[in-house]
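Trainee: Could we go through this one together before I set anything up? I'd like to start with the strands and then move to the ligand.

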Amino acid sequence: MRSIGRPLMPTAFMPGAFEFSGPRGTKWPGESPAAQGPELTSLTAGPPEGLSLSVAVTRRGDAIVRCVTLPGSSLEVSEVGMGCYAAAGVYGEFDEQSFRNLLRLGHERGVTLYDTADTYGDGERILGEAVRPFRGEVVVATKVGLTPEGGRDCSPDHIIRSCEESLNRLDTDYIDLYQVHYHDPQALVSDTVGALERLKKQGKIREYGVGHLPGDRVREYLELGSPAACLAELNCVTRGPYRQLLSVVRGSSVGIIGFSPSGRGLLSGSASEDAPFSAGDVRSMDPLYRGGKFRSALRVTDELRSLADRIGATPVQVAIRWAIELPGVKAVLIGTTSRQHLLENLGSVQIPWDVQIQDHLDAFLDEEDARFQAELPGELKAVLQDEGPVSADTLWDVLYVMEQAIECRWVGEEDILPFFTRLWAMRSAGVDEEEINGIRASLWDLLFQS
Ligand SMILES: NC(=O)c1ccc[n+]([C@@H]2O[C@H](COP(=O)([O-])OP(=O)(O)OC[C@H]3O[C@@H](n4cnc5c(N)ncnc54)[C@H](OP(=O)(O)O)[C@@H]3O)[C@@H](O)[C@H]2O)c1
């Protein structure tokens, strides 16, 4: 079995499923097409058959990109954006020079949205260097609110100080989109919003956004401030965070930006249970790559492949396009380090698509979800009751339990956070059998006895 978490940014820790009542294959009403940049020429104005998209389809050189405006803001972004998470070394070996070149190739191919964070290794510096020749043409997004130790800090002091540091590393005068990375239970949302609004007035940031937040927190940000974007994990096998967000942001002027549309490569179909990742690769502990979730993802990948074969695309292109077409979604962030995958992923906006394909895939994913969730309680109980020898892998099995319990909304993130903190500490301190059994017993009580 494979597994779990994200080292610098712990698990997604997002509450999951709720009823989905949005119109399929449509965008928010009133979305305005993005204006074309000077070097872009209009290619076609119409949406793909059966979809009512309000996007500008534009050509730059050989590339076709689609750009949208984040509602309520002046930020124009390509629907496929590039992320710098790989700079943190989370996907194994990382070559700075070739990644910088890749970011520039993305721009040549029409990418105008770039995402990083102050915790992605040298991601901010590398991104700043890469986009320097065309800084004014792109949206640079970064994040704040995590400490180097993995704690959370959204206090005004931390935000103001971190912004200066990010500006320095990015070597820029302004950040286009400054995103609160995670919720900090110790900070008042009103204080955090106050700091962000101050930075906006000072011209240090153009807009701000929020990420990885449970719905009620997003609601608070919407009531107290004016975020332009909400960031959430979104792919064919992780729909919970998106669904929860959609119910909160519907009708507001906030756009959803989805990340990990390929499921960190899982939906390409290249993963197998017999090919473990290197120890440094975050996917060796990723809940997406573990247990029943992994097996469910393989079934989803088979369906993606079958759809892809029918329309002359690849499974990842189908997965990315499906995410882009979801209501409320403005852009998705890909995290590839490979030229071939970049071109493949950008090609997702060019594959044949219509509302029937979107509906078919939605229905398949609903069925697959139901199957996965029916088997889940038994699977989680088995992990919590396992009396076999405890190893590092046990940590990631328990993290899998936590992630699924939150994703399925059996419990809230705040219920799990204390156990998660204890579990996470064992990553560096070493696995303590008594401690891990204590966590398992507490989780058993929380999930199955109350
Ligand atoms: N992951 C998170 O927890 C997270 C959280 C918040 C924000 N973000 C932002 O979102 C961005 C994207 O997230 P992500 O890195 O999770 O996205 P992702 O593109 O789903 O995952 C990247 C991984 O998938 C592989 N991959 C991508 N396209 C592929 C393809 N066509 N075929 C086979 N493998 C493929 C990449 O390998 P290759 O390099 O070999 O292509 C890489 O290992 C991040 O860089 C970051 O800016 C991420």
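Trainee: Which residue in β12 does V80 stand opposite?
Mentor: V80 stands opposite V332 in β12, and please keep in mind throughout that this is a predicted model.

Trainee: OK, and how many bridges join β5 to β12?
Mentor: Three bridges link strand β5, which covers residues 80-83, to strand β12, which covers residues 329-334, and the two strands run parallel.

Trainee: Which helix packs on the sheet there, touching β5 and β12?
Mentor: That is helix α8, residues 315-324, which touches β11 (255-259) as well as β5 and β12, and whose direction makes about 150° with that of β12.

Trainee: Zooming out, what do the strands from β5 to β12 form?
Mentor: They form a closed barrel of eight strands, running in order from β5 through to β12 with parallel pairing. On average, neighbouring strands of this sheet are turned by 30° against each other, if direction is ignored.

Trainee: And where does α4 lie?
Mentor: Helix α4, residues 189-201, lies across β8 (175-180) and β9 (205-211), and runs at about 155° to β9.

Trainee: Switching to the ligand, how many residues surround it, and which are the closest?
Mentor: The ligand is surrounded by 27 residues, of which G83, Y85, F259, G265 and G335 are the closest.

Trainee: Which element gives the most to that shell?
Mentor: Helix α9 does, with three residues, while β12 and α9 (339-346) each supply at least two.

Trainee: How do the shell residues divide into nonpolar, polar and charged?
Mentor: Ten are nonpolar, 13 are polar and four are charged.

Key: Residues are numbered from 1 along each chain as its sequence is written. This is a predicted model: local features need pLDDT of at least 70, side-chain atom pairs count only at pLDDT 80 or more; totals for chains, interfaces and linings use all residues. Two strands pair if DSSP finds at least two bridges between them. Helices (H or I, at least four residues) and strands (E, at least two) are DSSP runs, numbered from the N terminus. Axes are lines fitted to C-alpha atoms, for helices over the stretch in contact, and angles run from 0 to 180 degrees between N-to-C directions. Two residues are in contact if their C-beta atoms, placed from the backbone, lie within 7 Å. A residue is near a molecule or strand if its C-beta atom, placed from the backbone, lies within 6 Å of it. Ala, Val, Leu, Ile, Met, Phe, Trp, Tyr, Cys and Pro count as nonpolar, Asp, Glu, Lys and Arg as charged, and the others, Gly among them, as polar.
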